[in-house]
Amino acid sequence: MAEHLAAYRALLGAQARSQAAYRTSFVVDLVGNVGATVFDVVTVLVLFGVTRELGGFTLRETLVIVGLSSFAFATADLLVGNIERLPRYVRTGLFDAVLVRPLAALPQLLLMDLPLRKVSRAVFGLAVLVVAVGSAGIDWTPARAALVVVAPLAGVVFFGAVFVTTATVSFYWIDSGELANSVTYGGRDFTSYPVTVYGGWFRTLFAYGMGFAFVSYHPALALLGRADPLGLPAWVGWAAPGVAVLAAAVAGLAWRVGIRHYRSTGS
Amino acid sequence: MRGLRKEFTVRVKAGRLRREKRTVTAVDGIDLRVERGEMVGYIGPNGAGKSTTLKMLTGVLMPSAGEARVCGLRPVAERTRLALRLGVVFGQRSQLWWDLPLRDSFDLLRHVYRVPAGEHAARLARCRGLLDLDEFLDIPVRQLSLGQRMRGELTAALLHGPEVLFLDEPTIGLDVVSKQAVRGFLAELGRAGDTTLVLTTHDLADIERLCQRLVVIDHGRVVHDGSIAALHSRYGSRRMVVAELDAALSVPPVLPGAPLVRAEADGHRLVFALESAGVAEVVAGLAGLAALRDISIVEPDIEEVVARLYRAPAEVGG
């Protein structure tokens, strides 16, 4: 395993050097990429310009949710997000090239196309999270201190699993990109607000059917010491790591089944 | 395992590849066994199933039926273990890092295949010499010509000392000089005798130069498996001796083992087919009958034979 790590490290280094070959565009992308995440935060601030509460949550409380969501999504997008380019990898033959090497396919693809320019977004997401948590007046206990570290990481794993799972659909249906986007980006937007602002089947589907409520909403409740207005017990706020592990397991399975169905493009 | 009998087997019985909601049988029940150190040319028209076969043997595609063993391993189930012992060059795919100098790709592959630095350096030095890599080793791959890139791909496939080398169209699109370089290199590799080589191509000169054994497939089935000579004798294509005479003979000459095929230019040019007789016997026989002005030998046109094979696969059978 250690020798595999050396191989993966080499792939990462190669990707960094490849991107350094286009230095100017790299810097432009680095700056430009923060934009989208800043926009998410600004949207919330604007909303609170016209209302004092959103779904029963104050601005400071909502910002904890936004921080968790932004950090988790941006980091997962940095590490795993490019797997949505799977159809392109198949078309260009990168996927075949990766399959004839003595390493697992998924880590190779992720490292060979790691979008380092998205680092800026993840850093911005982290900054939002730190500021939000710092100003939310949290009553710190050892358990909450642990949760504030674990929950964002669980969120990263969860979004990573969503990226991988939705990308595997393209093994069966090559034009599945739009559907995949509606789940991943829809999920990101969903996790930026308290789930109480949504209603009906839509909330049930995204929050608990797919598990997006465990990325930011429930961990935020646990951190803030608030009871769930929707009536779920308090322990649900601590379930995020378990949900993330489950999601990762589903993603791993989906990937393995997908790769078996892969038929290649022929040449 | 070392010390055991070193022999490797390929047995593919596969079929039914689904594409675009139609069931297309790309490879339809192929049985092959390739011994260690053999050089096999694997040819067939477009869509015959050549690439598909190679993809199944490298673990990229899973056979729908049948089984394959390469180096005694199951390609899909034991893909990563097998990959350490295989070299693969897909002519239209790249194993190289586009934006990095060629040298960096080689170094990366050393890590990917976990090759000891000494072995890696030795193999690279050999490839550099045989393939003239030095002049473009520091140029990013995206700026290389196709011929240069292909030489890089070949090197990349060999740096971990594979037991089996699969080449899918290694000379496609190359200029004459690059083709010669690639062929010469592969011939050298074949002479060393410890690398098994399976090559698909559209350029039959590759096969004539490199392979003792030729497997022709069409519509996913093997239509010929044997030497090039066997292919010629089976389909009646033979080497010809063309003799230019000072004066036409009154009686057509009869030479044992080399029937007269035709007479041209009012009998001044005679064409004999070499069956059992050699060139020397024909020349000697003719010299006794007439004054010879010129002798030339015409190699059989393998393209012609193969084209005929493609057109009528049903008649021949494996």
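Two strands count as paired if DSSP finds at least two bridges between them. Helices (H or I, at least four residues) and strands (E, at least two) are DSSP runs, numbered from the N terminus. The model looked at here is a predicted one, where local features need pLDDT of at least 70, side-chain atom pairs count only at pLDDT 80 or more, and totals for chains, interfaces and linings use all residues. Residues are numbered from 1 along each chain as its sequence is written, while chains are lettered from A and ligands numbered from 1 in the order in which they are written.

Chain B holds an open sheet of six strands, with mixed pairing, and the order runs 4-5-6-3-7-8. Strand 4 and strand 8 (221–227) of chain B sit at the edges with a single partner strand each, so one side of each has no neighbour in the sheet. From one strand to the next, the twist averages 15°. At one end of that order, strand 7 (residues 213–218) of chain B pairs with strand 8 of chain B in the antiparallel sense, over six bridges. Within this pair, B:Arg213 stands opposite B:Ser227 of strand 8.

For the angles, axes are lines fitted to C-alpha atoms (for helices over the stretch in contact), and values run from 0 to 180 degrees between N-to-C directions. Contact between two residues means that their C-beta atoms, placed from the backbone, lie within 7 Å. Helix 1 of chain B lies across strand 3 (39–43), strand 5 (164–168), strand 6 (196–200) and strand 7 of chain B, and runs at about 150° to strand 5. Helix 5 (residues 146–158) of chain B lies across strand 4 and strand 5 of chain B, at about 160° to strand 4.

Then there is the meeting of the two chains: 31 residues of chain B are in contact with 22 residues of chain A. Elements giving two or more residues to the chain B side include strand 1 (17–19), helix 1 (50–57) and helix 2 (79–83) of chain B. Helix 3 of chain B gives the most, with four residues.

Two loop residues of chain B have a positive phi without being glycine. B:Cys71, in the loop between helix 1 and helix 2 of chain B, has a phi of about 55°. B:Cys71 is buried (20 or more other C-beta atoms within 10 Å, placed from the backbone), because it has 21 C-beta neighbours inside 10 Å. B:Arg114, in the loop between helix 3 and helix 4 (117–131) of chain B, has a phi near 55°.

Definitions and conventions:
A residue is buried if 20 or more other C-beta atoms lie within 10 Å of its own, exposed if 12 or fewer, and partly exposed in between; C-beta atoms are placed from the backbone.
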